[in-house]
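User: Hi! I'm new to reading protein structures. Could you walk me through this one with a few questions and answers?

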Amino acid sequence: MLATQDVCRPSDAEVGPELRQILHEKDLLELRAARVAARFASTDEYDEQGFASPIDWIRFNCHQTSTAAADLIAVGKKLEMVPESAQAVSRGEIGFAHLKAMVRTANAVGAKFDEALLLAKARENSPGKFYYLCNHYRHSADRKGFEAEQADLVENRKLWISTGEDGAVLISGVFDPVGGAAIRTALEPLARRSGAHDDRSREKRFADAAVDLATHALDSGLIPQQGSQRTHLQVTTSLETLLGLPGAPAADLEFSPLPISSKTVERLACDCSVTRILLDSESTVIDVGRAKRTISGPARKALNVRDRGCVWTGCERPASWTSGHHLKHWIHGGTNEPSNLALLCYRHHWMVHEGHWQIVRGEDGRIVTIPPTVTFGAPARGPD
Ligand SMILES: [Zn+2]
Ligand SMILES: [Zn+2]
């Protein structure tokens, strides 16, 4: 026996038109729902049923988000201000999403609202683009109101930094358009793929870019000083940890919800301007390292001139966005001679220390990178 959906199943060529028809019918229903929602909001039914507002009633009883409920009521209440546009939705010339932007604009500019002008734009543009154009129109019709709203968005910027259960750091925020654009403008070039081999997701590249930006600001001394000290990552570690000896404890990093591994300490100490506080076995401070780069002055300048930027094949990060990596770490007796140093961007520096890549300089002076050993398949299972 054939299921109903198999009998009615459209051919491939019919799917597009069918979807269009369904979504048009959805727009018509939303238009109808908006009328009814506005009518409902004008009664005190919600109050009698114990709800704080008509939005709340719709949210709870009709399984809608607050925004969807508020939009329905707002559109329904203002339909008489946009009669031509409501007709255009009925005829399928524009969508309900256009109508929402139209009503928001009508509410914002009041008596100056010009439906005919906006309807022409709605017919020619997608809802997203139309919403953007509506804001241009709002600025031209009511500059002061537009400015006040943007100032409000600046005053309401927020950034939340919290710790997840596994010690991961969660960051989320709300920004005004200009502040958000400044952040994106700074992150976008740092988040670009660094070549064909770069298979990081967009989200991962943006997260790496944000860390790079903060690291660069710390490294370059761009963060305002705390007293006489430049702001640095502050690590507290034992010599055993720094040496990577078996049985050594992890190290502490200020503001990190979890202690950090000896591999991370090794990377931070490789070049970074960390404040080193080494504790001996009795936990007494034996060396408070000055906040100074391990490779500094003429050695770093010579390195910048020779390598010009990250030495990783295909990587284009300039010298000011790199760390000086010791091919043989100074903690194990490596020197600051140019032959033992190479510039690596923050990400590639991480890959060498914590990511288990190897980097070697060939006899011709060229840098070769060797990926970590890949083991295929699951390890053989031992007897139960
Ligand atoms: Zn290094
Ligand atoms: Zn690099």
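User: Which residues coordinate the zinc ion (ligand 2)?

Analyst: Good place to start, and keep in mind that this is a predicted model. The contacts to the zinc ion (ligand 2) run from 2.0 to 2.3 Å. Along the chain, its donors follow the spacing C-x4-C-x29-C-x2-H. The coordinating residues, with their donor atoms, are Cys310 (SG), Cys315 (SG), Cys345 (SG) and His348 (ND1).

User: What arrangement do the four donor atoms around the zinc ion (ligand 2) make?

Analyst: Let's look at the angles. Four donors count as tetrahedral if all angles lie between 85 and 135 degrees. Around the zinc ion (ligand 2) the angles are 97 to 119°, so the arrangement is tetrahedral.

User: Does Cys310 count as buried or exposed?

Analyst: Buried means under 20% relative accessible area. Cys310 has 7% relative accessibility, so Cys310 counts as buried.

User: Which residues coordinate the zinc ion (ligand 1), and how are they spaced in sequence?

Analyst: The zinc ion (ligand 1) is held at 1.9 to 2.3 Å by Cys270 (SG), His325 (ND1), His349 (NE2) and His353 (NE2). Its donor angles of 102 to 117° make this arrangement tetrahedral. In sequence, the donor residues are spaced C-x54-H-x23-H-x3-H.

User: How many residues apart are Cys270 and His353?

Analyst: These two donors to the zinc ion (ligand 1) link distant parts of the chain. Cys270 sits in helix H14 (residues 262-270), while His353 sits in helix H16 (residues 346-353). Cys270 is buried at 0% relative accessible area, and His353 counts as buried at 4%. Cys270 and His353 are 83 residues apart.

User: How are helices H7 and H8 oriented, roughly parallel or roughly antiparallel?

Analyst: Helix H7 (residues 96-109) packs against helix H8 (residues 115-124) with the axes 11 Å apart and an angle of about 155°. Angles over 145 degrees count as roughly antiparallel. The crossing of H7 and H8 is right-handed. With that angle of about 155°, H7 is therefore roughly antiparallel to H8.

User: What kind of aromatic pair do Phe51 and Phe60 form?

Analyst: Three aromatic pairs turn up in a search of the whole structure, and Phe51 with Phe60 is one, at 5.8 Å centre to centre. Phe51 counts as buried at 19% relative accessibility, whereas Phe60 counts as exposed at 56%. Planes under 30 degrees apart count as stacked, over 60 as edge-to-face and the rest as tilted. The planes of Phe51 and Phe60 are 40° apart, and the pair is tilted.

Definitions and conventions
Residues numbered from 1 in each chain as written. Chains lettered and ligands numbered in written order. Predicted model: local features only at pLDDT ≥ 70, side-chain atom pairs only at ≥ 80, totals over all residues. Heavy atoms only, no water. Phe/Tyr/Trp six-rings, centres within 6.5 Å; stacked < 30°, edge-to-face > 60°. Buried < 20%, exposed > 50% of the residue type's maximum accessible area, 1.4 Å probe, protein only. Donors = N, O, S within 2.8 Å, 3.2 Å for Na, K, Ca; no water. Tetrahedral: all angles 85-135°; square planar, octahedral: opposite > 155°, others 65-115°. Axes fitted to C-alpha atoms, helices over the stretch in contact; angles between N-to-C directions. Helix = DSSP H or I, 4+ residues; strand = E, 2+ residues; numbered from the N terminus. Parallel < 35°, antiparallel > 145°, perpendicular 65-115°, else oblique. Left-handed = near helix turned anticlockwise from the far one by under 90°.
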